Number of protein chains: 2
Amino acid sequence: MKKLRLVTPGPMMAPPETLLELAKPVYHHRTPQARAVLAEAAAGLKEVCQTRADVVILTSSGTGALEAVVANVVQPGDTVIALSAGKFGERWVQLCRAFRAKTVVVEEPYGKAIPPARVAAALKEHPNAVAVLATLCETSTAVTHDIESIGRIVADSPAVLAVDGISGVGADECRTDAWHIDFLAGGSQKALMVPPGLAFLTVSAKGRQIVESRSDAAAYYFDLKKALRAAAESDTPFTPAHTLIAALVSSLRQILLDGMEAVWSRTRHMSRAVLAAIRALGLESLAERPAAGVTAIVAPNGIAADDWAKLLERKYGVKVASGQGTLKGKIIRVGHMGYLDALDVMGIVAALEWSLRELGFAVEPGAAASAASRVFSDAYR
Amino acid sequence: MKKLRLVTPGPMMAPPETLLELAKPVYHHRTPQARAVLAEAAAGLKEVCQTRADVVILTSSGTGALEAVVANVVQPGDTVIALSAGKFGERWVQLCRAFRAKTVVVEEPYGKAIPPARVAAALKEHPNAVAVLATLCETSTAVTHDIESIGRIVADSPAVLAVDGISGVGADECRTDAWHIDFLAGGSQKALMVPPGLAFLTVSAKGRQIVESRSDAAAYYFDLKKALRAAAESDTPFTPAHTLIAALVSSLRQILLDGMEAVWSRTRHMSRAVLAAIRALGLESLAERPAAGVTAIVAPNGIAADDWAKLLERKYGVKVASGQGTLKGKIIRVGHMGYLDALDVMGIVAALEWSLRELGFAVEPGAAASAASRVFSDAYR
């Protein structure tokens with residue numbers, strides 16, 4: 001018997017109530033029932049994102065929502081500032097190139113965060129930039145960005161701020177309206193506790209104005225004008241994955257029962273506990289500013305990260321993610337958001353320790369669990 | 001969001017594969033398909049019980065299987081030796097009285113085990129006893145009995161040995177044939193990882209001989225002669241809960257993939273880890289001989305056990321059992337068998353500590369998790 005703990009930073013696990021929603025009979029998607037479900041999903045996402053802006057739900061992976069931003073905002077030759085400090089920052093850059101933007105890349109090495117001052121400098125140098133593309137949680141390095149400060153800077157410019165929140169929304173604190181985020185993109189399969197298949201995008205008034213002003217957007221499936229008009233009627237331009245949207249409603253109800261402050265706090269405590277556990281083992285986190293929902297752990301000298309990940313899965317049923325790109329073989333990434341709690345984290349940090357010991361790395365037995373337990377114990381007081 | 005950990009010593013949690021079996025369409029129970037399922041379930045139960053004896057599957061709670069023993073073996077006025085050191089020992093006594101046996105009660109206080117020597121003495125004093133009724137794991141006190149020694153003693157007498165293994169089978173080591181158990185009773189909802197609704201009973205050749213010799217058993221639904229005849233044809237005398245039997249097959253496949261030695265060892269390690277954790281907190285286990293699948297923890301002075309249990313459920317989603325009878329308010333009982341693993345136990349022992357601290361009991365933060373982690377770490381080396 002092996003219980004699987006899927007703790008990659010996406011997809012993450014979904015609650016049984018949500019999964020049972022997906023086992024219900026398929027009903028038609030152009031019905032009052034389906035519209036009510038879509039309306040509840042949109043309202044719930046607004047609360048998760050802390051926004052009164054429009055929200056569109058897309059049947060695609062999160063990347064579809066990123067493409068929707070670029071395709072609808074950027075015209076060929078437009079200047080766009082893309083912030084890149086990892087694989088998902090690079091995705092923004094690739095999208096800009098695919099849509100033939102003049103791309104200004106503000107880059108930092110993997111593990112670092114983009115300093116907001118660099119965004120201010122880039123905007124000063126490129127005052128005609130139409131958009132700044134940022135990442136809330138850079139999943140490849142487990143860094144969370146200071147979107148609040150970046151938002152304050154971009155708000156003073158004509159550019160819109162688009163944020164890839166795919167692995168961040170519902171884990172890291174994120175206040176769309178208060179932080180002046182014009183487009184916040186998310187996916188279903190991480191902190192939102194639904195299997196993959198859905199993306200969503202918030203669109204501010206400033207963002208909508210740009211979208212409406214673009215008469216020749218290179219978009220059809222991801223045409224935001226059509227999507228926004230349909231969303232206003234609780235509808236979609238194309239057949240949505242409406243049973244996944246019903247599942248999303250189930251997960252959103254569970255999330256909003258607690259409220260976002262509680263969810264963010266719970267997720268941040270899981271991060272602190274994992275960080276304390278790895279410090280107790282003498283290990284380091286890669287991230288300069290650790291994200292709430294995922295931790296990138298640098299494998300100790302002499303341990304191949306991929307061997308560690310394989311042992312964790314094979315023996316303990318703990319499925320973590322390996323490093324991507326230049327980080328391959330150097331880190332493992334452990335997700336701790338959504339349908340995961342302190343008790344789960346206790347088991348996971350213990351397995352991190354047991355597996356390291358088995359690989360020959362000297363550990364003080366019990367140190368990881370003890371350190372994590374102390375973090376939670378103080379949090380619960 | 002609150003994840004429920006159902007760790008009462010029954011019912012325990014069931015794997016998703018097993019639960020999905022129950023979501024399949026209902027089919028007819030008098031079909032080759034249903035007979036094949038019943039045959040596989042019986043074969044699997046034999047391996048779990050380490051027996052070549054007959055096995056009957058009953059649609060009832062575990063108590064039904066105990067009643068089947070008494071009703072089919074004991075005639076009014078027969079002498080029966082009932083071993084009682086807790087609430088489930090007392091159940092044997094009540095059954096004996098209901099079926100008007102002359103009941104010899106060999107009793108020990110709650111928390112103790114019946115010494116095998118007392119069984120030998122009772123048999124010597126009552127050589128005409130037709131049965132000795134014992135309990136593998138006494139769920140009310142989390143004591144496991146030395147059935148191996150008791151079996152050796154009873155085998156030398158004309159009496160049959162019946163063992164209530166409802167919370168023990170699949171958790172505590174139990175070798176039906178090698179230990180001379182004539183009737184071993186179990187239920188679906190504990191280590192067998194199936195929701196409640198099924199019981200089963202192994203019947204040795206010696207047991208079957210007694211059953212066949214009783215011409216006027218006060219049994220109809222629990223008539224073992226009928227049940228054994230039907231079982232020989234992979235059938236049942238009455239409509240069985242055949243979808244639960246299909247679920248049982250799913251769980252048995254998962255159990256037997258590991259094999260019983262591995263299952264017993266895994267369960268015993270979970271017990272050792274919980275015992276180490278409570279010792280690290282300065283607490284005591286009630287049981288003289290702790291069972292592999294459940295631990296009874298004596299609440300420390302000044303802490304009402306029921307308050308502790310309520311806090312564990314309300315705040316941490318950990319549903320434990322309270323004490324029964326005279327132990328009410330004094331102990332909590334934590335199950336750790338079946339669909340539970342080391343990672344689950346890490347979270348549970350941490351929650352035991354966090355909740356005690358919150359109730360004002362002085363703990364060394366991290367001590368419980370550290371102690372449990374060290375037990376597993378050594379076991380995994």
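**Strand pairing, pocket lining and chain symmetry**

In chain A, strand E12 (residues 294-298) and strand E15 (residues 331-335) of the predicted model pair in the antiparallel sense through five bridges. Within this pairing, A:Ala296 stands opposite A:Arg333 of E15(A). Strand E12 of chain A is also joined by two bridges to strand E11 (residues 284-285) of chain A, and these two strands run antiparallel; here A:Glu284 has A:Val298 in E12(A) as its bridge partner. Four of the five residues of E12(A) are buried, that is, under 20% relative accessible area, so this strand is largely enclosed by the rest of the structure.

The largest pocket holds about 1,600 Å³ of space. Its lining comprises 43 residues, of which A:Ala14, A:Pro16, A:Tyr339, B:Pro16 and B:Tyr339 are the closest to the pocket centre. At least two lining residues are supplied by each of strand E1 (5-6), helix H1 (16-22) and helix H9 (242-258) of chain A, and likewise by each of strand E1 (5-6), helix H1 (16-22) and helix H9 (242-258) of chain B. Sorted by class, the lining of the largest pocket contains 29 nonpolar, twelve charged and two polar residues.

Chain A is superposed on chain B by a rotation of 180° with 0.0 Å of shift along the rotation axis, at an RMSD of 0.0 Å, which is the relation of a two-fold axis. The C-alpha of A:Ser370 is the one in chain A nearest the axis, at 2.4 Å from it. Both copies use the same surface, in that 100% of the contact residues of chain A recur in chain B.

How values were computed
Residues are numbered from 1 along each chain as its sequence is written. Chains are lettered from A and ligands numbered from 1 in the order in which they are written. This is a predicted model: local features need pLDDT of at least 70, side-chain atom pairs count only at pLDDT 80 or more; totals for chains, interfaces and linings use all residues. Side-chain values use heavy atoms; hydrogens and water are left out. Buried means under 20% relative accessible area, exposed over 50%, partly exposed in between (1.4 Å probe, protein chains only). Two strands pair if DSSP finds at least two bridges between them. On a 1 Å grid over the protein atoms alone, a cavity is a set of points where a 1.4 Å probe fits but cannot get out, and a pocket is an open set with protein on both sides within 12 Å along at least five of seven lines; lining residues have an atom within 4 Å of a point. Grid points are joined across faces, edges and corners, and a volume is the space filled by probe spheres set on the points. Ala, Val, Leu, Ile, Met, Phe, Trp, Tyr, Cys and Pro count as nonpolar, Asp, Glu, Lys and Arg as charged, and the others, Gly among them, as polar. Copies are superposed by least squares on the C-alpha atoms of residues with pLDDT of at least 70 in both. Contact means heavy atoms within 4.5 Å.
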